[in-house]
Amino acid sequence: MPYKYLEGFTSADICFEASGKNLEELFESAGLATTNTMVKNLKKISSKEKAKISIEADTIENLLFKFLEEIIFLKDARRLLLSKFKIKIDKGKAHSLACEASGEKINIKKHEMIVDVKAVTWHKFEVRNEGKVWRARVILDI
Amino acid sequence: MGFGNFNFKKPEFRKISDVAWEIDKNFKQGMRVPARIFASKKILDQMDLQVYDQVTNVATLPGIIRNAFCMPDGHSGYGFPIGGVAAMDIENGGVISPGGIGFDINCGMRLLTTNLTYDQVKPHLKELVNNLFNAVPAGVGSEGFVKFTKQQFREAVELGSEWCVENGYGWKEDLERTEENGRMKGADASKCSNKAIERGMNQVGTLGSGNHYLEIQVVKPENIFDEAIAKQFGIFPNQIVIMFHCGSRGFGHQIGTDYLQSFLQVMEKKYGIKILDKELACAPFNSPEGQDYFKAMQCGINMSFANRQTILHRIREVFSKVFKTPAEDLGMHQVYDVAHNAAKIEEYELDGKKKKVLVHRKGATRSFGPGNPELPQIFKSTGQPVIIGGSMETGSYLLVGTKTAEQETFGSTAHGSGRTMSRTKATRLFRGETLLKDMASHGIFVKTASMSGLAEEAGAAYKDIDEVINVTHTADISRKVVKLVPIGNVKG
């Protein structure tokens with residue numbers, strides 16, 4: 001499992017640790033972890049709806065932060081649950097991300113919902129390159 | 001490898017009273033004032049150490065006056081602890097910090113009465129809860145029944161509850177029985193991003209999820225602590241009342257997100273304020289960034305008032321339908337509506353002089369006492385009603401504000417129980433289905449949009465509400481009027 005939820009970091013909200021063998025995989029894992037906070041079973045989300053996410057940031061941390069923010073934004077603005085992410089990241093002077101995401105509109109009869117994510121926070125937010133693996137720890141405000 | 005754990009230092013406490021403790025300024029470099037914690041010894045000893053780290057960080061903020069406070073329901077948050085209060089001298093460089101308000105701007109509580117008794121409601125309880133569950137959408141992705149264009153939504157977030165009453169979603173008397181009369185007048189929708197508008201415009205009239213709820217509650221005679229004030233607030237023995245807890249939904253969340261980013265860009269570079277914790281990002285209140293956020297925050301406050309006003313309207317509709325009686329004839333009057341995530345400009349006497357300060361309350365409730373000029377005439381003799389919510393299993397409290405709160409805590413008291421256990425751990429330990437059955441066996445009928453979400457809200461994940469309330473009562477920052485016990489619950 002490319003992500004796990006952690007106890008002991010926050011009482012009111014959700015903390016997860018995501019990992020991937022490269023940046024793209026890390027971001028994908030973090031995206032899935034975010035959606036999985038809201039929906040019990042990601043396999044029940046079809047790929048009917050598409051969304052393009054394009055962002056730039058000066059650091060990898062800011063790039064991941066903005067990426068997760070966008071997933072949360074689309075959940076409210078377009079009522080989208082995103083469960084597939086095709087990501088391309090360019091690490092240059094300015095990091096940029098282009099993502100083709102797919103998912104489905106929220107259907108409470110089909111998708112077993114858990115809790116609503118309000119925001120991604122900077123609280124204990126960290127991205128680390130450990131050589132063979134990239135890791136991120138994120139706390140989501142519930 | 002992997003991420004390390006955090007080790008937080010436990011401070012030494014100076015005892016002020018059995019329910020008030022101080023952390024001295026020398027605990028952490030940069031503290032401008034001591035931190036003051038309202039807690040029993042038991043709560044103090046069991047407090048998550050992160051709370052002390054956070055409240056002492058708050059004590060470093062420019063312009064903070066007297067103390068960084070933490071209420072007895074305190075638990076770790078972002079920047080500020082939840083249960084955090086800080087008043088800032090805005091005439092002398094005091095800052096505003098979105099972390100001192102929270103992402104859920106004006107998350108708050110509303111309480112309304114009925115003239116119905118427990119015996120009258122019991123036969124209809126399931127029908128009421130099922131109808132409320134349909135009328136007040138809860139959970140992820142829920143949409144409200146009021147449809148706005150973007151322009152209409154911008155108008156509504158500037159007018160708050162007034163917009164609702166003008167459009168037929170409420171009674172005129174509801175405004176007086178809402179903090180700020182349901183409208184912060186400095187709200188400016190042009191300071192809210194398009195993203196914030198898009199996130200929130202379909203969510204007016206929805207409950208949200210997590211610890212948000214709508215409860216039908218009963219006033220057991222043995223739970224009335226102050227008969228005279230209870231009567232003045234419209235409470236009588238065996239009465240059925242309704243309480244609900246929700247906020248500004250995606251709109252407020254996005255405003256918090258937007259301005260946190262904006263403050264992070266300018267805090268150090270432009271204003272020379274060192275960032276100890278990104279979630280404690282701030283800017284001088286009188287700076288362009290500070291003023292823009294304050295105006296946007298007021299829109300968030302108004303949207304939440306409008307949200308709760310719309311929900312109130314739906315509750316009246318449901319009761320009216322089930323009892324085949326107009327809501328007016330069912331005595332469905334609002335007691336009060338309180339915000340517990342907001343920053344307000346309020347006037348206090350400091351060193352013998354009256355001074356306007358900015359009070360941040362993050363998971364804390366305003367608690368104005370008798371005679372306060374901000375209160376409507378109906379509450380001038382008693383002080384304002386204070387509504388503090390417990391867990392779904394234990395019940396909630398109606399209290400009254402006090403002069404002591406105005407003198408000691410910048411007019412503030414607790415807002416809830418305070419969590420002691422992470423959501424992840426609660427999901428591991430508890431099952432929603434078991435909780436449902438347990439509560440049913442105690443006479444509480446619950447309808448939820450999420451079994452997993454319900455498990456996260458197990459009563460055991462919270463502090464003892466009675467202990468928290470007793471601290472506020474003993475400290476005299478809010479006084480008990482009545483404890484309200486749930487019999488029906490709608491959860492997201």
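User: What does "buried" mean for a residue in this predicted model?
Analyst: In this predicted model, the term rests on relative accessible area, computed with a 1.4 Å probe on the protein chains only. A residue over 50% is exposed, and one in between is partly exposed. Buried therefore means a relative accessible area under 20%.

User: Is B:Thr56 buried or exposed?
Analyst: B:Thr56 is found in helix 2 of chain B, which spans residues 49-58. Its relative accessible area is 0%, so B:Thr56 is buried.

User: Which residues does B:Thr56 contact, leaving aside its neighbours within four places in sequence?
Analyst: B:Thr56 belongs to helix 2 of chain B. Once the neighbours within four places in sequence are left aside, the residues in contact with B:Thr56 are B:Ile23, B:Phe27, B:Lys28, B:Met31 and B:Ala35.

User: What distance separates the C-alpha atoms of B:Thr56 and B:Asn115?
Analyst: Along the chain, B:Thr56 and B:Asn115 are 59 residues apart.

User: Is B:Gln384 buried or exposed?
Analyst: B:Gln384 is found in the loop between strand 14 (365-366) and strand 15 (385-388) of chain B. Residues that B:Gln384 touches include B:Phe233, B:Tyr336, B:Phe368 and B:Leu399. Its relative accessibility is 0%, and B:Gln384 therefore counts as buried.

User: What is the relative accessible area of B:Tyr397?
Analyst: B:Tyr397 is found in strand 16 of chain B, residues 396-400. Beyond four places in sequence, B:Tyr397 touches B:Phe225, B:Met243 and B:Ile465, among others. B:Tyr397 is buried, and its relative accessible area is 3%.

User: How far apart in space are B:Tyr397 and B:Arg308?
Analyst: The two residues are 89 residues apart in sequence. From C-alpha to C-alpha, B:Tyr397 and B:Arg308 are apart in space by 19 Å.

User: Which residues of chain B does A:Glu69 touch?
Analyst: A:Glu69 is found in helix 2 of chain A, residues 60-77. With 15% relative accessibility, A:Glu69 counts as buried. Not counting residues up to four places away in sequence, A:Glu69 touches A:Val120 and, in chain B, B:Thr257 and B:Gln261.

User: How do the axes of helix 10 and helix 11 of chain B run relative to each other, parallel or antiparallel?
Analyst: The axes of helix 10 (residues 249-266) and helix 11 (residues 288-323) of chain B come within 9 Å and cross at roughly 170 degrees. Angles over 145 degrees count as roughly antiparallel. Helix 10 of chain B is therefore, relative to helix 11 of chain B, roughly antiparallel.

User: How many residues in the contact of helix 10 with helix 11 of chain B are nonpolar?
Analyst: Helix 10 of chain B contributes residues including B:Phe251, B:Ile255 and B:Tyr259, while B:Tyr293, B:Ala296 and B:Met303 are among those of helix 11 of chain B. The residues of this contact include four polar and three charged, and the number of nonpolar residues is 10.

User: What space lies in the largest cavity?
Analyst: A search of the whole structure finds four cavities of 30 Å³ or more. Of the 42 residues that line the largest cavity, A:Lys118, B:His75, B:Ile82, B:Asn211 and B:His415 are the closest to its centre. By class, this lining has 12 nonpolar, 20 polar and 10 charged residues. The space in the largest cavity is about 610 Å³.

User: Which element gives the most residues to the lining of the largest pocket?
Analyst: The largest pocket holds about 420 Å³ of space. Its lining comprises 18 residues, with A:Lys40, A:Ile114, B:Thr427, B:Ser452 and B:Glu456 nearest its centre. By class, the lining divides into six nonpolar, six polar and six charged residues. Four residues come from the element that gives the most, helix 15 of chain B.

User: Is B:Glu180 buried or partly exposed?
Analyst: B:Glu180 is placed in the loop between helix 7 (173-176) and helix 8 (194-200) of chain B. Its phi is near 60 degrees, a positive value in a residue other than glycine. With a relative accessible area of 25%, B:Glu180 is partly exposed.

User: What is the phi of B:Phe410?
Analyst: B:Phe410 lies in the loop between helix 12 (403-408) and strand 17 (412-413) of chain B. At 1% relative accessibility, B:Phe410 counts as buried. Phi of B:Phe410 is positive, in a residue other than glycine, and is near 50 degrees.

Technical notes
Residues are numbered from 1 along each chain as its sequence is written. Chains are lettered from A and ligands numbered from 1 in the order in which they are written. This is a predicted model: local features need pLDDT of at least 70, side-chain atom pairs count only at pLDDT 80 or more; totals for chains, interfaces and linings use all residues. Side-chain values use heavy atoms; hydrogens and water are left out. Axes are lines fitted to C-alpha atoms, for helices over the stretch in contact, and angles run from 0 to 180 degrees between N-to-C directions. Helices (H or I, at least four residues) and strands (E, at least two) are DSSP runs, numbered from the N terminus. Angles under 35 degrees count as roughly parallel, over 145 as roughly antiparallel, 65 to 115 as roughly perpendicular and the rest as oblique. Contact means heavy atoms within 4.5 Å. Ala, Val, Leu, Ile, Met, Phe, Trp, Tyr, Cys and Pro count as nonpolar, Asp, Glu, Lys and Arg as charged, and the others, Gly among them, as polar. On a 1 Å grid over the protein atoms alone, a cavity is a set of points where a 1.4 Å probe fits but cannot get out, and a pocket is an open set with protein on both sides within 12 Å along at least five of seven lines; lining residues have an atom within 4 Å of a point. Grid points are joined across faces, edges and corners, and a volume is the space filled by probe spheres set on the points.
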